[in-house]
Amino acid sequence: MGIATVNPATGETLKTFEPLTNEELEAKLALAASAFKSYRQTSIAQRSEWMNRAAEILESKQVEFAKVMTLEMGKTLKSAIAEARKCAWVCRYYAENAAEFLKDMPSSTDASSSFVRYQPLGIILAVMPWNFPFWQVFRFAAPALMAGNVGILKHASNVPQCALAIEAIFKEAGFPEGVFQSLLVGADRVESIINDERVKAATLTGSEPAGMSLATAAGKQIKKTVLELGGSDPFIVTESADLEKAVTTAVTARMLNNGQSCIAAKRFIVLETVADEFEKRLLAEYQALKIGDPMDENTDIGPLATPKILSDLDRQVQEATASGGKILIGGKPLSDRPGNFYPPTIVANLPADCAIAKEEFFGPVALLFRVANLDEAIEIANSTSFGLGASAWTNDPQERERLINEIEAGTVFINGMVKSDPRLPFGGIKRSGYGRELGIQGIHEFVNIKTVWIA
């Protein structure tokens, strides 16, 4: 796919971009390397001032940035505005806490003085996806830049204007030239960038194949990576749950970002005793959702980001029905309008052990499973190769402890929707990736954790 803005609500190509030439790319890498030499010497107080200014810009121009997001990848305007605000939050969080997170950590040993010092690594490559085109970048950039690193961004090729807008935010905020740059290049040039000795580490949010490709290339160069990949997050509802809150949250958790979120709830695993009522209420909520122009403030569900995502999702739904699943609502692309629209869909009665039930459905499709007991619920929850997030609904303390301890995921939310929060580490296990973003753990991923021993 070329580097272009294609409106997913209409299919219209609005703007195209020429990828960087080899000479232009080299100039940007040289600038980043030069910038790091001086930037690493700046005080955390100075970096905080610039990062707080970035937060102010995000808030003051939130509608402007939101329109770019919506235009390029189709999320509703109201959710894009919320995304811009969340980016401001993560900037402020690290501006306020980086000094504490990066201060020397003393340890009592046989030395006169011994401690750990956290120092930046250098140029960090971020390979980022289109689904949260601002948030995914800022949750990497805020801690990385506050730690004294410099960032280069290879964004998804369908959100180039978002990539350029983010670079402009950091420049306007006062960060020195070259501290954060967007590289308009295709995926085929990522490996050569990783191979460059000036690039010290890389982070990727995206698909399994993309993660494997980047990790392989970085591994050959013995360079640190953080991967946040796919998810097939379970949403477990027990007999003791507050059913009304569970259903309301289930709709939001599945329809977030038009269903295109790695941590969206995707497999709804409900105990048989409450399954009929849960299904009835969920179906009613789905029927009330409004599909349409993502710029319209009344729209609940906008288009999928690309035609390929639409066709892949439709293929999965057809495979699910062929495997025994029953469509309760939706189930086919909307052909009465231009754009990549897929309706809210519920697939019930799908055998939990079939291959398609273990895949990630990236769109507004929910898989509904009925189970006899908590043992079966946990077994199904853990039956995929993914382990990103999980939501479980119970008011029983013993059930809660079992769910926390036995669900295989990087994140477990009890009686709430899975979400990323600057104050908490975020990431997965199994084929959902490794490493953590956000929290104190996130800023420590891309630093030299240096042991110092003084006699």
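**Entry 1, ground rules.** I am working with a predicted model, in which local features need pLDDT of at least 70 and side-chain atom pairs count only at pLDDT 80 or more, while totals for chains, interfaces and linings use all residues. I number residues from 1 along each chain as its sequence is written, and side-chain values use heavy atoms, with hydrogens and water left out.

**Entry 3, within helix α2.** I began with glutamate 56, which forms a salt bridge with arginine 53, their closest N and O atoms being 3.3 Å apart. Both residues lie in helix α2 (residues 44-60), 3 residues apart, or about one turn of the helix; helices (H or I, at least four residues) and strands (E, at least two) are DSSP runs, numbered from the N terminus. I then checked accessibility, taking buried as under 20% relative accessible area, exposed as over 50%, and partly exposed as in between (1.4 Å probe, protein chains only). Glutamate 56 is partly exposed at 39%, and arginine 53 is partly exposed at 33%.

**Entry 4, between helices.** I next found arginine 92 in a salt bridge with glutamate 59, with 2.8 Å between the closest N and O atoms. Arginine 92 lies in helix α4 (residues 77-102) and glutamate 59 in helix α2, so this pair ties together parts that are 33 residues apart in sequence. Arginine 92 is partly exposed, with a relative accessible area of 24%, and glutamate 59 is also partly exposed, at 33%.

I noted that the side chains of glutamate 279 and arginine 370 meet in a salt bridge at 3.1 Å, N to O. Glutamate 279 belongs to helix α10 (residues 272-287) and arginine 370 to strand β14 (residues 365-371), so the pair ties together parts that are 91 residues apart in sequence. Arginine 370 counts as partly exposed, at 29% relative accessibility. I also recorded a network in which salt bridges that share partners join Arg53, Glu56, Lys61 and Glu172.

I looked up isoleucine 222, a residue other than glycine whose phi is positive, near 55°. Isoleucine 222 sits in the loop between α8 (208-220) and β9 (224-228), and is exposed at 77% relative accessibility. Asparagine 258, also not a glycine, has a positive phi near 60°. Its place is in the loop between α9 (243-255) and β11 (265-271), where asparagine 258 is buried, with a relative accessible area of 2%.
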